[in-house]
Each structure stands twice: as structure tokens, then as C-alpha cells.
Amino acid sequence: MKGTLTLIALAAATTLAQAGRPCEPWQPRVHEVVEALDLAQRTAQALDATGAQVVVIARAGQDLSRWRLRYSHLGWALKTPQGWRIVHKLNHCGSARADLYRQGLAEFFMDDLHDPVAAFAVPSPAVQAALGPLLADAGRVQRLHEPAYNMVAYPWARRYQQSNQWAIETLAFALEPTADSRERAQAWLRFKGYEPTVLRIPAFTRLGARVGSAHIAFDDHPNALRYADHIETVTVDSVFTWLERAQLAGRVQTVR
């Protein structure tokens, strides 16, 4: 099997563009492709074993240990006749824009992993029944998508939207059809007890990040919180914790 993965990797390495970053040419190294394919295969087996049709899935694309966070990016995995497909939001090459993508597991894990680990949780049957049709509908899944991207978007504002924020706002829309706007979806999330992660980011660090990165902004955060170095945002870790606490999904499982 390892030899087969290596052959596939050699072919893939010559053609792949980095997912969600079409403005930036990227040539993966063979061992990175092999690692991603191996993780994708193991993850598919683990997901199949759950018997689920929809799962919430995450990867560790960046080292966030400084913030006491493990995972960086969240998406919804939908089981289709062609296999598992990840529906998620990706930023364009560090720009202030993002789009929704539908990718296979290998593509999902090919995007510059910091740590080759997958994390997933199985939603309740009711959540799966509501999310499945929405994720399969290319039109409806776009309903709450905001292209203006900010990596640290304030969870209760609508100027920007980051990837994990789109995922839970879309969950709100799936479970509560009247939550058909971002404002209503966020109200539903508050009602259901979602609590964002609080990052302590000093003013000097915020200024440097804002000047050097188009995809980072703090102007959607309330002044009182921002001036107190209190930055709230939607993280994978906070979503996993909330989903289990709210009994919307089971405990987190990992695959290496």
C-alpha cells in the first residue's frame, strides 16, 4: 500500500495547486503528498466505521500552541456515492477574500499540514438529517457565506466571516430555517450557548498583524474589548467543545 501511495504522490505532485490559494503557485513535496494521502485513507476508514452521513472535521494546518489551540480549520464532511467530500470555506492566498470549496479528503489534508492529524465528531442523527441536504445543495450552502474574510473575525458581527464562523452559522441555518440571515444565525448560536475563544492580543501585535496581512483585521471588534486586548473569535477547539456540551455532536475523535 505504501508503494501505491508513493506512485500516486509522484503523479499528484506535478499537478496540484494549493487548495484555496489559486493566486500562489505551489509544488508539494512527495513526502507531503504521501502523508496527506495516508491520512486521508485512514480518516475515510474511521469515518466509514461511524456509520454517519455527516461529520464535523478539522485539521491542524498551523501551529497555534501559542494560543493553547490544537486545530486551525473546520469543515463539514458529507458522505456521497463518490466518497467523503469536505464542504468548507478557504481564504485566497492571504487575501481579504474567501470562497466555499467541495473537496475530497486528500485535497483537504494536502493544504500544508503542521501536524498530520485529523479530528472529527459525529453529529446527532437530527443534526445530520438537517445538514446533509443543505450541504448537498450548491445553492443553499452559499446562503450565509460572506466573501469578505478576516482570520480573527468577531463572532457577533457581519462585516467579515472566517472559515469556522461560516461552518457554525451554516449549522444554525440548517437546524433553524428561520435563521436565514447571518444576524439570525448568530442569535441562534448565542441562544444555544456557543462561546467563542478569547485571545489576548496586545495592541502592538495587532498593529503588526494588520499592517502585514490583508486577511487579518480587528475593526469589527467592539472598541471596549479591543482596547482591553480582548479578541474573541471562532476556533475549532471552541466549536468542538460547544457541540458536545450542547449535545449536537459526540466527543472528538482523532486519526493519525
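Mentor: Glutamine 128 counts as buried because its relative accessibility is 14% (buried means under 20% relative accessible area, exposed over 50%, partly exposed in between, with a 1.4 Å probe and protein chains only). The model is predicted, so local features need pLDDT of at least 70 and side-chain atom pairs count only at pLDDT 80 or more, while totals for chains, interfaces and linings use all residues. Residues are numbered from 1 along each chain as its sequence is written, and side-chain values use heavy atoms, with hydrogens and water left out.

Glutamine 128 lies in helix H4, residues 125–136 (helices are DSSP runs of H or I, at least four residues, numbered from the N terminus). Leaving aside neighbours within four places in sequence, glutamine 128 is in contact with Ala52, Gln53, Val54, Val122, Pro123 and Pro133 (contact means heavy atoms within 4.5 Å). A polar atom of the glutamine 128 side chain lies 2.8 Å from the backbone nitrogen of glutamine 53.

Now to the helix packing. Helix H5 (residues 163–175) packs with helix H6 (residues 182–191) at an angle of about 85°, and their axes are 9 Å apart (axes are lines fitted to C-alpha atoms over the stretch in contact, and angles run from 0 to 180 degrees between N-to-C directions). That makes H5 roughly perpendicular to H6, a label for angles of 65 to 115 degrees. On the H5 side the contact is made by Gln165, Ile168, Glu169, Ala172 and Leu175, and on the H6 side by Arg182, Ala185, Gln186, Trp188 and Leu189.

Technical notes
Helix = DSSP H or I, 4+ residues; strand = E, 2+ residues; numbered from the N terminus. Polar contact = N/O pair within 3.5 Å; in protein donor to acceptor, adjacent residues only side chain to side chain. Parallel < 35°, antiparallel > 145°, perpendicular 65-115°, else oblique.
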